[in-house]
Amino acid sequence: MPDNQTLQFHAAAASLAQRYAARRRRTLALTDTLQAEDMAAQSMPDASPAKWHLAHTTWFFETFLLSASAGYRVYDASYGYLFNSYYEALGPRQPRPQRGLLTRPALADILAYRRHVDTHMQALLNVELDGDTAALVELGLAHEEQHQELLLMDLLHLFSQSPLKPAYDTRWPHPAPGPRARYLARRGGLLRQGADGAGFAFDNERPGHMVWLQGYEIADRLVSNDEWLAFIEDGGYRRPALWLADGWAQAQAEQWQAPLYWRRDGDGWSQMTLAGMAPLAPDEPVLHVSYYEAAAYALWAGARLPTEAEWEAAATAGMLQQADDVAWQWTQSAYGAYPGFRAGTGAVGEYNGKFMVGQQVLRGGAGITPPGHARVTYRNFYRPGQRWMQSGVRLARDLAAADADGFAADVRAGLSAPQKQLPPKYFYDAIGSELFEAICLTPEYYPTRAETALLRQVAGEIAASIPAGAALVEFGSGASDKTRLLLDAAPHIGAYVPIDISEDALAKAAGRLAASYPALPMLPVAGDFTTALPLPHAVRDLPKVGFFPGSTIGNFTPAEAVRFLRSARTLLGPDAVFIVGADVVKDSATLLAAYDDAQGVTARFNKNLLVRINRELHGDFDPATFDHQARWNAELNRIEMHLVSRIDQIVNAVGHAYAFKAGESVYTENSHKFTAESFGALAAQAGWQVSRAWTSAAPQFAIYRLTPQP
Ligand code: SAH
Ligand code: AVI
């Protein structure tokens, strides 16, 4: 009976032998769709004939493993010259640009060579291997996979040169289309980069070492074809200011006007792919661009390429989509040795180290990369002008540039303040808008029901003051449910302009309303109504009725409310009518219940802000460690909503770390309540007068009709 150790050893050896056989079979299978003629041609100096790849990978195992084993006789002494790629220590070789001249040995001879070497390799793999030999076999397997990818790159280039544009395989998949990229922020700091540990990695990925990163933003997806088209249409290939000098020189010399495989096709573009020529799909990622083009694009887009350390940190954190299954991604890092790198001794030491100058690192993996080949530490590298590898573009930005951007900047500033706070307008992503609608259905949240009932009563009166053909401009329209009461009472309204920061809520509401009011021109505006949003051109000359229901005005501070009311007066014009709903001061029990409902919907709405920060700004909030809290401030007549940390903790978001003490809160919303006097005073400060006011039965809610002060 073999002991346990022997059993394990046989299992491991068998598995290496099986992996060897599978790897070698896959290489051959990749040539199934090819004719012998396809496999002999070389389309450019960088590419090799398929036949050469089959022979060279075989030569690799023969040279580095079999030649050293006792009793092995080299298959054919001339093959060392023919199929050595670049190993100086192993002697002279066929010049790379002339590999296409090797019509002999014939394909059949090379297939026989593969079988011969495979037989001997299986014998070698079936006896005990020392660690160095096993490592060389692993290198040979990884090398075989690299050539599987090269084979496909080289075939695509070859077929792209053919006037017939043959398909390598008509079933070859296109990369999946998807949404546009968004930037995700990541904090800076000291991080470990590169490969540690025992699993296979190339020498150039080692050793693991510490790097310092500034906070940065990185795109979650790759640049798409339609984004690249915009670059072309904006003169991207004609503006030297966007280009590195060497890149501009090469682009001129080679007359680049688009990615390598794009062809003009009437008014549009087609693209050569492994599945043949295909119309360019706008929402697929751009492929086959050089580093020079990628860098020019990034500059044009107000961004830059990520460094390889930034890429690796983001990939390790799970921030990247299309990380390793679409295209290798250019980084702005020059390919060089990691601190502590030493090339191996002997010929195999030439594998990676001697190329460490004049090339750029690409990270990730491509659609043509064998599954499981790449790793998060994997460093691919090419010269900056090369384009035939399946390369794509992922953008990055310095966090300082990202600061100018609304949400990130507001979160950074808000969480850095002594009383941490976040603006309530960020509640309303798609989920937040749905949660708000759910709040309106809770038994405790009376404002929606009270205002709707009141509006139903007074809509006729309001309608009477709306001029014929007027445009109804609604601020924070949300689901646009209350709007229907006005539209029904005032069929003479000429156009509807819903304004909302929540694109999802706006799109859904506009769709539903269009179905109910097919004759009404609908002109939705997605945006922040506290900024100077222009109204659609079509309504500029119409009389305007403003509509601001829901007591959303109560979510402003008084100063913000005055500023908003002033700008609304300008926007709506001198003859405007402005209908504003505002909640009324009442007993604190009713108020507190409305903002802390028993089902916890308001708590979910509040905590969704943290979920949104996690998703969009790469935060790591654990919403379960925060409690929703509503407080009534009797002095200032407002409900204050907070998220209170249950524990001492450090949370990361937007590239920064924020410390919370247990009991410390983020202040997320004010909801001011008004009396007729306090509301009138607010309106007056902004140049409006209350020309009519209606108040509902308890729990009270008020609707005001404002007109410009004379
Ligand atoms: N008017 C509806 C919805 C009120 S909820 C009602 O009365 O029921 C508040 C709405 O205002 C949400 O749809 C939210 O997305 C929108 N909103 C909040 N702040 C905004 C801002 N600064 N700019 C534009 N819309 C905003
Ligand atoms: C939109 N706004 C008027 C609501 C309010 O009542 O202040 C938002 C809300 N917050 C908690 N519940 C509802």
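This is a predicted model: local features need pLDDT of at least 70, side-chain atom pairs count only at pLDDT 80 or more; totals for chains, interfaces and linings use all residues.
Local features were taken only at pLDDT of at least 70 and side-chain atom pairs only at pLDDT 80 or more, while totals for chains, interfaces and linings use all residues. Residues are numbered from 1 along each chain as its sequence is written, chains are lettered from A and ligands numbered from 1 in the order in which they are written, and side-chain values use heavy atoms, with hydrogens and water left out.

Helix α15 spans residues 503-516. Helices (H or I, at least four residues) and strands (E, at least two) are DSSP runs, numbered from the N terminus. From first C-alpha to last, the 14 residues of α15 reach 20 Å. That is close to the 20 Å expected at 1.5 Å a residue; the expected span is 1.5 Å times one less than the number of residues.

Which residues of α15 are buried? They are Ala505, Leu506, Ala509, Ala510 and Leu513. Buried means under 20% relative accessible area, exposed over 50%, and partly exposed in between (1.4 Å probe, protein chains only). An α-helix has 3.6 residues a turn, so residues three or four places apart point the same way.

The face turned away from the buried side carries the exposed residues Glu503, Ala507 and Ala515.

Ligand 1 has 17 residues around it. Of these, Gly476, Lys482, Asp500, Asp528 and Phe529 come nearest. A residue is near a molecule or strand if one of its heavy atoms lies within 4 Å of it. A polar side-chain atom of Asp500 lies 2.5 Å from an oxygen atom of ligand 1. A backbone N or O atom of Gly476 is 2.7 Å from a nitrogen atom of the ligand. For Phe529, a backbone N or O atom lies 2.8 Å from a nitrogen atom of ligand 1. The protein covers 92% of the 560 Å² of accessible area that ligand 1 has on its own. Accessible areas come from the Shrake-Rupley method with a 1.4 Å probe; for residues, only the protein chains shown count as cover.

Ligand 2 is surrounded by 14 residues. The closest are Tyr445, Asn555, Tyr595, Glu669 and Ser671. An N or O atom in the side chain of Tyr445 is 2.5 Å from an oxygen atom of ligand 2. For Tyr595, a side-chain N or O atom is 2.5 Å from an oxygen atom of ligand 2. A polar side-chain atom of Glu669 lies 2.7 Å from a nitrogen atom of the ligand. The protein covers 97% of the 340 Å² of accessible area that ligand 2 has on its own. Two or more residues of the shell come from each of α12, α18 (601-616) and β23 (665-672).

Most residues other than glycine have a negative phi, and most peptide bonds are trans. A cis peptide bond joins Arg206 and Pro207, with omega about -10 degrees. Pro207 lies in the loop between β2 (189-193) and β3 (209-213). The bond from Ala698 to Pro699 is also cis, with omega near -10 degrees. Pro699 lies in the loop between β24 (688-695) and β25 (701-708).

Gln255 is not a glycine, yet its phi is positive, about 55 degrees. It sits in the loop between α7 (245-253) and β5 (262-265). Gln255 counts as exposed because its relative accessibility is 63%. Gln322, not a glycine either, has a positive phi of about 50 degrees. Its place is in the loop between α9 and β8 (328-334). Is Gln322 buried or exposed? At 11% relative accessibility, Gln322 counts as buried.

Conventions: A polar contact is a pair of N or O atoms within 3.5 Å; within protein, one must be able to donate a hydrogen and the other to accept it, and residues adjacent in sequence count only if both atoms are side-chain atoms.
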